[in-house]
Amino acid sequence: MRRSTRRPPLPVVLVIHAIVWLLALTMLAPFAWMVITSLKTDAEAQAALSFSTLLPDTPVWGNYARAMREAELGRFYANSLIVALATMFLAVAHNALAGYAFAKLRFRGKRILFGATLLTMMLPAQVFFIFAYIIAGRLGYVDNLQSMIVPFLASGFGVFYLRQAITTVPEALLEAGRLDGMREIDLFWLVARPIVWPAISALAIFTFVNSWNNFFWPLIVVDSEQFKTLPLAIADLSAGLYVQSWPVQMAAATILVLPLVIVFFLLQRAFVRGVALTGMKE
Amino acid sequence: MRQATHSGPMRSSLSGWAFIAFPLTVLMVFTLLPTVAGLALSFFQWDGAGLPRWVGLENFRGLLADGNFGPALRNTVIYVVAAIAPAVFIAFLVSIAVHARWFRGKAIVRTLLFMPTIVSIVAIGFVWRWVLDDRSGLLNFGLELVGVKDTPSWLNDDWWPFIWIVIISVWRHIGFCLVLYLAALSTVNESLYDAAEVDGASRAQVIRHITWPQVMPTTIFLLVTGVISAFQVFDIVFIMTGQQENSYTNVLNLMTYREFTYGQLGYAAAIGAVIFALTLVATFLQLGAVRWIDRRAPRPARGPTFRGGKP
């Protein structure tokens, strides 16, 4: 595809490159600073900063061992993974089924139920979290891993998004299947699913990241150390709950942040396409 | 054909209900009903045990008298205005540069700018606190290199923590907006640019009269959804202030959370209702503005039909 053929004068091109690249590098700076600090001694980290104290003399890898020992990072990791993966698989499956029903099936009350689904997209958490918490409590979904999964097993946005995608599946394909005696669940799985797979994977990434980074709801429903997820752990960390030493805190933060960043760099095409497709927001 | 679709509905009806039963139940139980109940609760006093007591508008009157409410409302509104539009506008400008043919490193820039979007705000706030540290922070080191000394205490002095909350929010949000703008730019019909070049339009005129209107739907989407989520700001303030409440940094959502943890559920619900009302008003104002602008100057249709310009 052709873009504008005209190139601005060279100095302008260079200045624009400098500005944009500098902006891009500021995205790395805090994380680079985090990793550098995690390898310093306490004294080095607290010294007034100069060129001689910018980098650690000898990297203190022991900070990572201390971080693992003093805060139960392994458990927080496992919790976050279980919650985000379970939410992703179950929520996408349920949203897809509902999306299929709203796009391709006829049933009583469809229009009003779809309207209600759209409405839930606009309702702010500040109003519904109070009773969501009370209801979750009655159902036993408080202070356990399920409490961070079950309320997110359907989303108005997810249903709406997949419904829009599934609408593009040709009706003739489904009719042919029906004449062959296929059940709707088979039609969904064998006909619709492969066609809308890009939309499904985009929603899956979106759901995973949202669940992984969710903070407000876990803060409310989880009390016990053993069920905390990474964002809660980082909040405790920053409040100085586990260790006081900055390098060890930064080592812990590195352990908590870096793997997702690496996964992101490996899968960045899929992530970026997912966002462009869903227009996701947090 | 008619026959086939006629035998369908009964069977479909059952499958339809089966497919939506669980997701709709979840939405009903955890979103829809709690919203209705939450709005109603703002007229009651309740600590979560026993029966709620009807107090009419007492909670809202209490808010007006509450010394925390004014600053929290003011800060929330400032945040909404200062954090969203700048990020959207910067992303628009960056997207034009990055989309241009002569730009080098498009993929890397896009990836780097987008990266903070996938890192939790909590982690970002935490890392930034260390960057902003008075003695050993990276920022003060950099400022000293360029000769700026005697900087304020970024995380403690008056408005500075809040200013940094806004800056970090903008900084984090640019990449997300950029990705949507780049997606929108890739769908703009190239012949529009050619036509403008033939007409002798300057680069600024092309951006102003072709690119900007063509990506207007993306801009509107980013502004409207951005403003809605900005009214709910919580994580970044919670983490940057170390959970200390003061009138320079307090926001409405932090107040809701605080009252909730104090067991003042009716009062918390009233603040939630205020946030909801503000969100609705802001959304209608924005959509109204869009319609008003449209009436004054109709937006060119997307694609090749641009003001009769032939592809």
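User: What do the buried residues of helix 13 of chain A pack against?
Analyst: In chain A, helix 5 (73-104), helix 11 (197-213), helix 12 (216-221) and helix 14 (246-266). In chain B, helix 5 (121-131) and helix 11 (235-240). This is a predicted model: local features need pLDDT of at least 70, side-chain atom pairs count only at pLDDT 80 or more, and totals for chains, interfaces and linings use all residues. Residues are numbered from 1 along each chain as its sequence is written, chains are lettered from A and ligands numbered from 1 in the order written, and side-chain values use heavy atoms, without hydrogens and water.

User: How many residues of helix 13 of chain A are buried?
Analyst: 9 of its 9. Just after that helix, Gly240(A) takes a positive phi of about 75 degrees.

User: New topic. How many aromatic pairs over all chains?
Analyst: 38. Rings of Phe, Tyr and Trp (its six-membered ring) pair with centres within 6.5 Å; planes under 30 degrees apart are stacked, over 60 edge-to-face, the rest tilted.

User: Why is the pair of Phe102(A) and Phe114(A) tilted?
Analyst: Their planes are at 50 degrees, so the pair is tilted; the centres are 5.0 Å apart. Phe102(A) is in helix 5 and Phe114(A) in helix 6 of chain A, 12 residues apart.

User: Is Phe102(A) buried or exposed?
Analyst: Buried, at 2% relative accessibility. Phe114(A) is buried too, at 14%.

Technical notes:
Buried means under 20% relative accessible area, exposed over 50%, partly exposed in between (1.4 Å probe, protein chains only). Helices (H or I, at least four residues) and strands (E, at least two) are DSSP runs, numbered from the N terminus. Contact means heavy atoms within 4.5 Å.
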